[in-house]
Amino acid sequence: MKGMSLIVRTITTVIIGFIFIYGIYITLHGHLTPGGGFAGGVIVAGALILRILVFGSEPADEKKSEIRTSIFESVGALLFIGIALAGLVIAGTFFLNFLPKGIPFNLLSAGIIPFCNIAIGIKVGAGLFSIFLALAAVKYVVKD
Amino acid sequence: MTFIPLFFALPLAAAFIIPILGKIAKSIIWIFVTLVSFTLFILALYGVAVTQQFPMIVYEMGNWPPPLGIVMAFDSLSAFMVLVISILVFSGSIFSWRYMSHYTGTWKFYTLYMLITAGMMGVSITGDLFNMFVFLEIAAISSYALVAFGVDAEELEASFKYMVMGEVGGLTFLLSIALLYAKTSTLNLADMANTLQVVGQTPFFWLVLGMMLLAFSIKAAFVPFHSWLPDAHPAAPAPISSLLSGIFIKVLGMYTTARLVFNVFGLSRGNAPVFFNVLIGLGLLSIAFAGITALNQKDYKRLLGYSSVSQVGYIMLGFGIGNFYGVAGAIFYILAHALGKGLLFLTSGSVVNATGTRDITKLAGVGENMSTTAWSFRFGSMSLIGLPPLVGFFAKYFIVLGALKAGFWWLAIVAIGLSVLTLGYLLKIENNVFMKKGRTKANKAPFTMRVAMVFLVVLIVLFGVGFQQIIDFLVGPAANALLRGVEYANLVFGSVGVSF
């Protein structure tokens, strides 16, 4: 895939990091503010997609990132179900909120919910990015 | 620590471990999947044993009590469904090792295989309407991908058609859930059953029920809505065809209908005879129309697909009769058809694997070398037709008995008469493929495939010979769980916190 013009590249270089960090912020504050794992994951995936759209990519790189995203996707899902099963193993109930709840509106509060958000964020970010790769990856364009 | 969430947590976790495993060592994926499905089988047997003592086990997810939180309501019917699912998943996973060896990306296949298992298990044991929808869609979306797994033009077309029709059904179900939620302010099945008693049989009640019946008729492929099935089920790889025809349509279509109609809407033949007559009509239409269409098919798997539509009609017939023998017969038929049709689709996979074609006019002579496949086919079809010592006979016998006890003597005669159609189309395969002398060369089926087929044959014979035990411990309690009606709600609320 070919990249875009110099202006777009320069602006993207400046803001892409902020987009990424904003996605992580939304994910981590999921239990305090609107948003959460899904919204944060979408924003993170947006940053990754922006990078490919603006700077372009080689088929070999895309193959690599496809493998990486599929591993991240599995890890996200496994983290989520691992948290659920941890409740079963530690406290005897599936999906039990077994961690201390903390003080409301603190970043470290609400027990397992922030960790669920992180797992969802990883899963959704990787999932959306892999959908993008499947739909828009170079290999199909070259074949046609 | 309890075993109920493991029924869906285990396959879900396995589904996401497989992609990572696929990067490390491809060869152990199959062993892993088979071990997981065997564990599920053992857990399901344990579940059946436990439900002998406790009629209802309510499991609160995350310790939230029933009307607020999601519960898993595990009763005899759930235990029965889980057992049948795990039998077919286990035999399918054994079968798939050699069958899938000429496909690429098998780890994707096994991931989807575990996801579809998790979805079906979840539908069978959940006690929450929206949770049921989510699991139903997990299973349905995995099945769309599995039907398209070969990515040939034919498979993609079948999958697309299936997806469009399936989603019309799924979204109708979602809409009816939204309407019910607006009316009753609850999604818990037990709580909803209580609230619907207050609502009464108003036009709203019948509208929602009609929408749900439409949705589940599409999922279960009853005749006006069946056209996706004869395309989709043959297009899938054989272990998946076996799973889809054997149990998938029954979990998504029959189990959900029965559970909602009897336990949540609280209908029985006593208080809604017209509705139950509609169910009988749907059943008869499916049996007759699809059975006659099946007689004309030349494609091995497509014929079996039409046969599935036809056989599902018997199950609906049993539920429509609505007394104990009818419902028990319908539940027994779920078991009988799952084993029989699962086995027949596995034999089709074995034949396709050896010859590469599904056209029964080109398969003459296959029976000479593939004797295990041929005899498996014979046992499966004898069970479906309903010959005495096999499981299919007793299932059909109970449905007929139910019809007689309910006073529908004409229905009993029609139901027996229509099984001639089953005999007709299954003999067509027997005649053209396994009996006929011909020049088609085929090697013996691989060892693991034969193991999977013989496993199902043994179960067909065993469940047939021991039908009294099956009725006493498996089917009878399951039928009682349905005929309990809205007592279900009291039982769910009464069993909270029962430890076992």
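Over all chains, the structure holds 8 salt bridges, a salt bridge being a side-chain nitrogen of Lys or Arg within 4 Å of a carboxyl oxygen of Asp or Glu. This is a predicted model, in which local features need pLDDT of at least 70 and side-chain atom pairs count only at pLDDT 80 or more, while totals for chains, interfaces and linings use all residues; side-chain values use heavy atoms, with hydrogens and water left out. Residues are numbered from 1 along each chain as its sequence is written, and chains are lettered from A and ligands numbered from 1 in the order in which they are written.

**Salt bridges**

Side chains of opposite charge can pair when their charged atoms come close.

| Pair | Closest N and O atoms |
|---|---|
| K219(B) and E137(B) | 3.9 Å |
| D231(B) and K161(B) | 2.7 Å |

The helices and strands named in this report are DSSP runs numbered from the N terminus (helices: H or I, at least four residues; strands: E, at least two).

E73(A) is partly exposed at 22%, and K123(A) is partly exposed at 24%.

In chain B, K219(B) forms a salt bridge with E137(B). Here too distant parts of the chain are linked: K219(B) is in helix α8 (residues 203–220) and E137(B) in helix α5 (residues 129–147) of chain B, 82 residues apart. K219(B) has a relative accessibility of 6% and therefore counts as buried; E137(B) is buried at 10%.

D231(B) pairs with K161(B) in a salt bridge. D231(B) lies in helix α9 and K161(B) in helix α6 (residues 153–184) of chain B, so the pair ties together parts that are 70 residues apart in sequence. Helix α9 of chain B covers residues 229–235. D231(B) is buried at 18%, whereas K161(B) is partly exposed at 32%. Leaving aside neighbours within four places in sequence, D231(B) is in contact (heavy atoms within 4.5 Å) with A158(B), K161(B) and R302(B).

E154(B), D299(B) and R358(B) are linked in a network of salt bridges.

**Aromatic pairs and charges over rings**

A pair of aromatic rings is described by the distance of the centres and the angle of the planes. Rings of Phe, Tyr and Trp (its six-membered ring) pair if their centres lie within 6.5 Å; planes under 30 degrees apart count as stacked, over 60 as edge-to-face and the rest as tilted. The structure holds 44 aromatic pairs over all chains. One of them joins F94(A) and F95(A), edge-to-face at 5.5 Å centre to centre with 85° between the planes. F94(A) is buried at 3% relative accessibility, while F95(A) is partly exposed at 28%.

The rings of F393(B) and Y397(B) have centres 5.9 Å apart and planes at 20°, so this pair is stacked. Both residues lie in helix α15 (residues 391–405) of chain B, 4 residues apart, about one turn of the helix. F393(B) is partly exposed at 26%, and Y397(B) is partly exposed at 39%. One aromatic cluster includes F393(B) and Y397(B) together with F324(B), Y325(B), F332(B), F394(B), F398(B) and F467(B).

A charge sits over a ring if NZ of Lys or CZ of Arg is within 6 Å of the ring centre and within 35 degrees of the ring normal. The charged end of K183(B) sits over the ring of F204(B), 5.1 Å from its centre. The charged end of K396(B) sits over the ring of Y314(B), 4.8 Å from its centre.

**Chain A and the interface**

Chain A has 5 helices and 0 strands. Of its 144 residues, 38% are buried.

In the interface, 18 residues of chain B are in contact with 17 residues of chain A. The two chains bury about 1,400 Å² between them, 78% of it on carbon and sulfur atoms; buried area is the accessible area (1.4 Å probe) that two parts lose on being put together, summed over both. There are 0 salt bridges between chain B and chain A.

Technical notes: Buried < 20%, exposed > 50% of the residue type's maximum accessible area, 1.4 Å probe, protein only.
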